[in-house]
Amino acid sequence: MSPVRRCSRTACGRPAVATLTYVYADSTAVLGPLATYAEPHCYDLCAEHSERLTAPRGWEVVRLSDASAPTRPSGDDLEALANAVREAARPQERAAEAGKPGTGRGGDPMEVGRRGHLRVLRSPDN
């Protein structure tokens with residue numbers, strides 16, 4: 001069982017319920033549900049501090065919390081994730097993409113297949 005994450009505010013020991021992230025390029029503070037993992041440059045906040053959050057002048061606060069959303073993934077969420085992983089792991093038919101059998105994307109004779117951004121290359125000895 002993982003330890004309870006605490007509010008990042010000084011002298012506050014309450015349990016964290018939200019994560020605050022700053023997007024400096026857009027002058028935006030984004031407050032969303034508690035992140036799955038503690039991330040550097042993100043701040044976990046308790047309910048009181050997340051409700052009272054204000055941003056510097058000229059900045060916008062975006063609140064992504066949805067009280068109706070489940071706090072933990074549902075069975076449907078986990079099943080959809082498992083199906084996506086299974087689909088990504090299946091060997092793909094590349095012949096239709098390349099136009100002729102035995103070649104990779106764009107007709108590259110060294111490319112045998114792809115999985116996401118990774119390519120499988122034929123050994124130069126073959």
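In what order do the strands of the open sheet of 4 strands stand? The order is E3-E1-E2-E4, and the pairing is mixed. The views below start from the whole protein and then turn to its parts.

**View 1. The whole protein is a predicted model with 3 helices and 6 strands.** In this predicted model, local features need pLDDT of at least 70, side-chain atom pairs count only at pLDDT 80 or more, and totals for chains, interfaces and linings use all residues. Residues are numbered from 1 along each chain as its sequence is written, and side-chain values use heavy atoms, with hydrogens and water left out. From the N terminus on, the elements run β-β-β-α-β-α-α-β-β. Helices (H or I, at least four residues) and strands (E, at least two) are DSSP runs, numbered from the N terminus. Of the 126 residues, 17% count as buried. Buried means under 20% relative accessible area, exposed means over 50%, and partly exposed lies in between (1.4 Å probe, protein chains only). The accessible surface comes to about 9900 Å². Carbon and sulfur atoms hold 54% of that surface. Accessible areas come from the Shrake-Rupley method with a 1.4 Å probe; for residues, only the protein chains shown count as cover. Take the contacts between residues at least 6 apart in sequence: 44% of them join residues at least 24 apart. Contact means heavy atoms within 4.5 Å.

**View 2. Four strands form an open sheet.** Two strands pair if DSSP finds at least two bridges between them. Strand E3 (42–45) and strand E4 (60–63) stand at the edges. Each has a single partner strand, so one side of each is left without a neighbour in the sheet. Neighbouring strands are turned by 25° against each other on average, direction ignored. Axes are lines fitted to C-alpha atoms, for helices over the stretch in contact, and angles run from 0 to 180 degrees between N-to-C directions. E2 and E4 run parallel and are joined by 4 bridges. Val 30 stands opposite Val 62 in E4.

**View 3. Arg 63 sits in strand E4.** Its relative accessible area is 43%, so Arg 63 is partly exposed. Arg 63 and Val 30 are 33 residues apart in sequence, yet 6.1 Å apart in space, C-alpha to C-alpha. Leaving out residues up to four places away in sequence, Arg 63 touches Leu 31, Ser 50, Glu 51 and Leu 53.

**View 4. The largest nonpolar core has 9 residues.** A nonpolar core is a set of buried Ala, Val, Leu, Ile, Met, Phe, Trp, Tyr and Cys residues joined through side-chain atoms within 4.5 Å. Here the members are Cys 7, Cys 12, Ala 18, Leu 20, Ala 29, Leu 31, Leu 45, Cys 46 and Leu 53. Strand E1 (18–23) and strand E2 (28–33) are the elements that give two or more residues to this core. In soluble globular proteins, nonpolar side chains tend to be buried together. Which residues does Ala 29 contact, leaving aside its neighbours within four places in sequence? They are Leu 20, Thr 21, Tyr 22, Trp 59, Glu 60, Val 61 and Val 62.

**View 5. Asp 44 and Arg 5 form a salt bridge.** A salt bridge is a side-chain nitrogen of Lys or Arg within 4 Å of a carboxyl oxygen of Asp or Glu. By this rule the count is 3. In this pair, the closest N and O atoms are 2.8 Å apart. Asp 44 lies in strand E3 and Arg 5 in the segment before E1, so the pair ties together parts that are 39 residues apart in sequence. Asp 44 is buried, at 9% relative accessible area.

**View 6. Arg 14, Glu 48 and Arg 52 are linked in a network of salt bridges.** The closest N and O atoms of Glu 48 and Arg 14 are 3.1 Å apart. Glu 48 lies in helix H1 (residues 47–51) and Arg 14 in the segment before E1, so the pair ties together parts that are 34 residues apart in sequence. Glu 48 also meets Arg 52 in a salt bridge, at 2.9 Å from N to O. Are these residues buried or exposed? Glu 48 is partly exposed, at 34% relative accessibility. Arg 14 is partly exposed, with 36%. Arg 52 is exposed, with 52%.

**View 7. Ala 11 has a positive phi, near 65°, though not a glycine.** Ala 11 is found in the segment before E1. Ala 11 counts as exposed, at 84% relative accessibility.
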